[in-house]
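We will go from stop to stop, with something to select at each one.

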Amino acid sequence: MTPLTPTDAAGNAALPTWTSGLWPAPAEALVQPRTASRPERRIVFEPMLESDLDAVQAVESQAYAHPWSRRHFHDSLRAGYPAMLLLSEALPGEVVHPARADGRVLLGYMVAMPGVEEVHLLNITVAVAHQRQGWARFMLDALALWSRGQGAQWLWLEVRQGNAPARGLYERCGFAQVGVRKGYYPAGHFQREDAVVMSLNLVVAAAAETTR
């Protein structure tokens, strides 16, 4: 078992031990402590289902100028890719948007694609109302733990070249730039934007954690 301890700017909150090889979700919803930028929440990971796609698409469309389509998510689920929601119990008086039948808050989600000794992060999104609270780092740490449990040695992703905040987050998580894909993303007005390819050596990252 490997402890997952996110170290984002929102606070260094120790989490329960999660079992490598399974999706890193505790048996009970954990409580993420209050910080200056984030209220205390009971949170849990759950698999993304077809019935979640209306809410996911609503978050995606609000978060990006060029969002994934519903078909992207649908095809990922059909392919069996790991796709997880980060959910929270609603706080007193909180308006839940997009609305869910269970009344819980969709903080964010991610979709990944396993490969041979590697995992490729395809989509990681935090709902606009909950950004800059450490949830992206939280999900990245969970994905890295799950990937190591699957025997992966590398975690890969692409990010828009002009998305400085996201690139900075990935660098703080230990990702390094390894290449550029020219014209990878649509950029409006019939233009294209380059993608920066980044990777995280999971073996090195795990070794560094044991020496902290």
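**Before you start**

This is a predicted model, in which local features need pLDDT of at least 70 and side-chain atom pairs count only at pLDDT 80 or more, while totals for chains, interfaces and linings use all residues. Residues are numbered from 1 along each chain as its sequence is written, and side-chain values use heavy atoms, with hydrogens and water left out.

**Stop 1: the whole chain**

Now colour by accessibility: buried residues make up 44% of the 212 residues. Buried means under 20% relative accessible area, exposed means over 50%, and partly exposed lies in between, using a 1.4 Å probe and protein chains only. Among contacts between residues at least 6 apart in sequence, 59% join residues at least 24 apart.

**Stop 2: helices α1 and α2**

Select residues 53-63 for α1 and 70-78 for α2; their axes come within 10 Å and cross at roughly 130 degrees. The axes are lines fitted to C-alpha atoms, for helices over the stretch in contact, and angles run from 0 to 180 degrees between N-to-C directions. The two helices, α1 and α2, are therefore oblique to each other. On this scale, angles under 35 degrees count as roughly parallel, over 145 as roughly antiparallel, 65 to 115 as roughly perpendicular and the rest as oblique. The crossing of α1 and α2 is right-handed; a crossing gets that name if the near helix is turned clockwise from the far one by less than a right angle, and left-handed if anticlockwise.

Show side chains next. On the α1 side the contact uses Leu-53, Asp-54, Val-56, Gln-57 and Glu-60, and on the α2 side Arg-70, Phe-73, His-74 and Leu-77. These residues divide into four nonpolar, two polar and three charged. Here Ala, Val, Leu, Ile, Met, Phe, Trp, Tyr, Cys and Pro count as nonpolar, Asp, Glu, Lys and Arg as charged, and the others, Gly among them, as polar.

Stay with α1 and pick out its buried residues: Leu-53, Ala-55, Val-56, Gln-57, Val-59 and Glu-60. Their cover includes α2, β5, β6 and β7.

**Stop 3: Phe-45**

Move to strand β4 (residues 41-47) and select Phe-45. Is Phe-45 buried or exposed? With a relative accessible area of 5%, Phe-45 is buried.

**Stop 4: helices α3 and α4**

Select α3 (135-149) and α4 (164-172). Their axes, those of α3 and α4, come within 11 Å and cross at roughly 45 degrees. That makes α3 oblique to α4. Ala-136, Arg-137 and Leu-140 of α3 meet Leu-169, Tyr-170 and Arg-172 of α4.

Within α4, Ala-166, Gly-168, Leu-169 and Tyr-170 are buried. The buried residues of α4 pack against β7, α3, β8 and β10. Look at both ends as well: at the start of α4, a side-chain oxygen of Asn-163 reaches to within 3.2 Å of the backbone nitrogen of Ala-166, and α4 is followed by Gly-174, whose phi is positive, near 100 degrees.

**Stop 5: Glu-193**

Glu-193 lies in strand β10. Its side chain makes a polar contact with the side chain of Arg-160 at 2.9 Å. A polar contact is a pair of N or O atoms within 3.5 Å; within protein, one must be able to donate a hydrogen and the other to accept it, and residues adjacent in sequence count only if both atoms are side-chain atoms. The side chain of Glu-193 also reaches the backbone nitrogen of Gly-162 at 2.7 Å.

**Stop 6: loop backbones**

Finish with Pro-98, in the loop between β5 and β6. The peptide bond from His-97 to Pro-98 is cis, with omega near 0 degrees. Phe-190, in the loop between β9 and β10, has a positive phi near 65 degrees and counts as exposed at 87% relative accessibility.

Note on methods: Helix = DSSP H or I, 4+ residues; strand = E, 2+ residues; numbered from the N terminus. Contact = heavy atoms within 4.5 Å.
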